[in-house]
Amino acid sequence: MIRSKDVNIISEAFKYCHKNKNAKGYTICAILAKGKRIISIAKNDYNKTHARTPQIRHYIILCHAEIKCISRYIVKNRPITSDMTLYVVGITQGKDGNPVISSKPCESCERFIKTCGIPRVVYCENVTEFLIKEINNV
């Protein structure tokens, strides 16, 4: 069930997406929140993920927003707690007039989210509804 705090944070994520949209077509933004407080935010990145990564012509490594957002938080030795939620939204420069796109995390991101212990993920399944995925940490 979407809560009022979810709506507020989703709104902030869309604002961040629009303000920082990529010129290459679509932008995915992720926000990690603890209760109502935003503790980390990131967007997908079309740049190299590490300075030592070789840059191959016409091949740019994409860093997913979910991984970037979570990594920014945990790299400072901060613990993931049971009251945290990851919000993922996406926009595009589509010609159909609706800029919202599906923002369901890919399988690699889902594994990363589960491994990190984030219990709740809110994302857009299609252009009209948001879904909540409760992740059971085994």
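In what order do the elements of the protein chain run from the N terminus on? The order is α-β-β-α-β-α-β-β, with three helices and five strands in the protein chain. Helices (H or I, at least four residues) and strands (E, at least two) are DSSP runs, numbered from the N terminus. The model is predicted: local features need pLDDT of at least 70, side-chain atom pairs count only at pLDDT 80 or more, and totals for chains, interfaces and linings use all residues. Residues are numbered from 1 along each chain as its sequence is written, and side-chain values use heavy atoms, with hydrogens and water left out.

Of the 138 residues in the protein chain, 38% are buried; buried denotes under 20% relative accessible area, exposed over 50%, and partly exposed in between (1.4 Å probe, protein chains only). Contact means heavy atoms within 4.5 Å. Among contacts in the protein chain between residues at least 6 apart in sequence, 55% join residues at least 24 apart.

S40 is located in strand 2, which spans residues 37–43. This residue counts as buried because its relative accessibility is 7%. A polar atom of the S40 side chain lies 2.7 Å from the backbone oxygen of C69. C69 is also among the residues in contact with S40 once neighbours within four places in sequence are left aside; the others are A30, I31, L32, R72 and Y73.

Helix 3 covers residues 107–116, and C109, E110, I113 and C116 are buried in it. These residues lie on the same side of helix 3, because they cover an arc of only 130 degrees around the axis; the arc is that of the directions from the helix axis to the C-beta atoms. An α-helix has 3.6 residues a turn, so residues three or four places apart point the same way. The other side of helix 3 carries E107, R111 and T115, which are exposed. G117 follows helix 3 and has a positive phi, near 90 degrees.

C29 counts as buried because its relative accessibility is 0%, and C116 counts as buried because its relative accessibility is 19%. The structure holds zero disulfides, a disulfide being a pair of cysteine sulfur atoms within 2.5 Å.

Key. Polar contact = N/O pair within 3.5 Å; in protein donor to acceptor, adjacent residues only side chain to side chain.
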